[in-house]
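Please read them beside the sequence and the coordinates.

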Amino acid sequence: MRKVVLFALLLVLSVVAFSRVTITMTAGAVGKELEVLYAQLDRFMKANPDIKVSVMPMPNSSTERHDLYVTYLASGEKEPTVLMLDVIWPAEFAPYLEDLSADKSYFELDKFLPGTVKAATVGGKIVAIPWFTDAGLLYYRKDLLEKYGFKNPPKTWDELVKIAKTITAKEKNIVGFVWQGARYEGLVCDFMEYLISFGGDVLDDAGNVIINSPAAVKALQFMVDLIYKEKISPQAVTTYMEEEARRKFQNGEAVFMRNWPYAWSLLNNPKESKVAGKVGVAPLPAGPSGKSAATLGGWMLGINKNATEEEKAAAKKLVKFLTSYDEQLYKAINAGQNPTMMDVYKNPELKKAAPFMVELYGMFINAAPRPRTAKYSEISDVIQKYTHAALTQQMSPQKAIEEMAKELNKVLGK
Amino acid sequence: MRIKTKETVVAWWMILPAIIVISVIAFFPLFKTFYDSFYEFGLRPDIQRKFVGVKNYIDLFKDERFIAALNNTVFFTIVSVALETVFGLIIALIVNQPFRFRGMVRAAMLIPWAIPTAISSQMWKWMFNDQGGIMTKLLETLHVIEPGVPVLGTPKTAMWAIITVDVWKTTPFMALLILAGLQLIPEELYEAARIDGANLWQRFTKITLPMLRSTIAVALIFRTLDALRVFDVVFIMTRGSVNTETLAVYNRVLLMDRAFTGSWFGYGSSLSVVIFILISIFAIIYIKSLKLKLD
């Protein structure tokens, strides 16, 4: 009898052990996000002992992540189960993503920022759940601005140039303004901000190319002038991505920086940052059009269509967990990544940890999206190429914009 | 006669596995790429496959970006392979001489070659960084570049930085191959030459170089083939910006960035075929001009 019980117990145990579903998820490692994710997954696996989640860390550059996804998805692999998707990808990857429209209420999508849900909707189908949202911000050295009698951060680009020049003329070993000028996706984000604040755009609502405008030429000329005429940005910004700019600013070597919200908690960590407590955050300055624009960034979680039903069910649980109120709050406080759920912004803890998130709420919900088309990768490649050619003085801004328009028209077949 | 036929049959059976393996891993992909290059298609499931003949090739030679990438690739190949051969030869001649710690030096010399290119490229990228990069400091001190000019963000310097990394990395490979060739030269030849009164230079040009010819030819073929498809160094250091885009880096844009956006896969395949033809041309030139016997 005892033997039978023992055998039965063994059987039950082994069934439990083997019924554990393993799913994989891709993740980034910008700033603290990977550390934060590991802590979240520990909690998730404790609450769901039948699911094991293994993490596939991805390169920080969005372009390289894109390449990996192309390889995974085109091969029809069932891994990774959960994909971390850039806000610009859903249209392109939609044929490979699980349709989540039926689970709209399970994920409580009506509580999410409408802009982020729109970005996750392709042809009426919801293919991903917004995880965190991003918008370009202006970081500035509060202490230095005060020292030279500037009470407020700059409201316009001209003001930014003036303040940067005043401070760099008197302070040593400091440049005026750092941003993302390397030839990669981040350059498109920066370019879009100047473009829109100068009154231009890439595509109109009907999808026609409208980049070839005096406003666009002026915007690009302004970016070039920041480096070569006003000399407030080092020439090396043409090789900077997010982390290069952050390191420069964090070492106290720049007055202004354009970056995403993730930098906030890192800049204020006194162990690593020389500028902890001396940093202010503001919306990006306005251009001659009077408008200020921040590019909408952020990432979503999608589920691989090729996964098995069992894996998909586990993946949905994981996505639901990671995008829940508590976890979004935890992520916002610890990784500095903006929540996509509206109610989280009302939380007093968030206000204490990252006051700018709450103060700039209006800006986050109005962030400007990049062109929304399934051909986005091609469009981005063209914009990167010609913007960078102008920034490295291989082409005049006028010529760069003309060529850009010509090639964009070719890409879109018009 | 009967025995010979039987032997032939056995021989065929013995090499069959090798033939199968080579067909699967070399000939099949090659054939598939040729085949694909005559079609217009993408990887997105809803894109139709269409036969277009040689249209991809015609478009390719009208594509300014392709022509620029072709020029960059050939420039990179000629300069880097030439430098690697000269440095490799010099280093091989030095470490072929007996001196103390020769074994250690020979082993240490291989370190750059042993580091994966992705890692060494990233390492060099940091050294060329404007924020405290040692190469940037060095070049500024030597007045090669003006202060504040980013090496990897300037058209004039970026390609040279990439060539530097490639030369640093692959010179040991050249040196090793040439060293092996040097050790095959019989000592008697030098002895006889010395007795006949040949000086050092004469011994080098009349014995060493001719005897090294086939070794150098093999080394050149290896290196040239590698250099013509260079991808990792360029992609990591500059991503092909500031006039450093090579054919393989452009092909990544076509095959990866645009895999799901449109019908670019056939076009990318035709670019691969062009790289293949280019490599073949170089190989034939080497084999003919260095009178290498392949059989």
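1. Angles under 35 degrees count here as roughly parallel, over 145 as roughly antiparallel, 65 to 115 as roughly perpendicular and the rest as oblique. Axes are lines fitted to C-alpha atoms, for helices over the stretch in contact, and angles run from 0 to 180 degrees between N-to-C directions. Helices (H or I, at least four residues) and strands (E, at least two) are DSSP runs, numbered from the N terminus.

2. This is a predicted model, in which local features need pLDDT of at least 70 and side-chain atom pairs count only at pLDDT 80 or more, while totals for chains, interfaces and linings use all residues. Residues are numbered from 1 along each chain as its sequence is written, and chains are lettered from A and ligands numbered from 1 in the order in which they are written.

3. Chain B contains 13 helices and two strands. Its C-alpha trace spans about 80 × 75 × 30 Å along the principal axes. Of the 295 residues in chain B, 33% are buried (20 or more other C-beta atoms within 10 Å of the residue's own; exposed means 12 or fewer, partly exposed in between, with C-beta atoms placed from the backbone). Contacts require C-beta atoms, placed from the backbone, within 7 Å. Among contacts in chain B between residues at least 6 apart in sequence, 70% join residues at least 24 apart.

4. In chain B, the axes of α8(B) (residues 155-182) and α10(B) (residues 200-228) come within 9 Å and cross at roughly 155 degrees. The two helices are therefore roughly antiparallel to each other. From α8(B), the contact includes B:T170, B:M174 and B:L177, and from α10(B) it includes B:L212, B:T215 and B:I216. By class, the residues of this contact are nine nonpolar, three polar and one charged. Ala, Val, Leu, Ile, Met, Phe, Trp, Tyr, Cys and Pro count as nonpolar, Asp, Glu, Lys and Arg as charged, and the others, Gly among them, as polar.

5. Helices α17(A) (residues 376-391) and α18(A) (residues 397-411) pack at about 165 degrees, with axes 9 Å apart. That makes α17(A) roughly antiparallel to α18(A). This crossing is right-handed. Its residues divide into eleven nonpolar, one polar and three charged. A:N409 also belongs to α18 of chain A, and A:N409 is partly exposed, with 14 other C-beta atoms within 10 Å.

6. Which residues touch the most other members of the largest nonpolar core? They are A:Y139, A:F177, A:V178 and A:F256, in a core of 189 residues. A nonpolar core is a set of buried Ala, Val, Leu, Ile, Met, Phe, Trp, Tyr and Cys residues joined through C-beta atoms within 7 Å. Helix α8 of chain B gives the largest share of this core, twelve residues. Beyond four places in sequence, the contacts of A:V178 include A:S233, A:V237, A:Y240 and A:M257.

7. The contact between the chains takes 24 residues from chain B and 24 residues from chain A. On the chain B side, helix α12 (residues 247-257) gives the largest share, three residues. That side has eleven nonpolar, seven polar and six charged residues.

8. The loop between α11 (232-237) and α12 of chain B holds B:E245. With 25 C-beta neighbours inside 10 Å, this glutamate counts as buried. Its contacts beyond four places in sequence are with B:A68, B:A69, B:N72, B:G240 and B:Y250. B:V242, in the loop between α11 and α12 of chain B, has a positive phi of about 40 degrees although it is not a glycine. B:V242 is buried, with 24 C-beta neighbours inside 10 Å.

9. Two further backbone features deserve a check. Most residues other than glycine have a negative phi, and most peptide bonds are trans. B:F101 has a positive phi of about 60 degrees and counts as exposed, with 9 C-beta neighbours inside 10 Å. A:E79 and A:P80 are joined by a cis peptide bond, with omega about -10 degrees. A:P80 is in the loop between α3 (62-74) and β3 (82-86) of chain A.

Notes:
Contact = placed C-beta atoms within 7 Å. Left-handed = near helix turned anticlockwise from the far one by under 90°.
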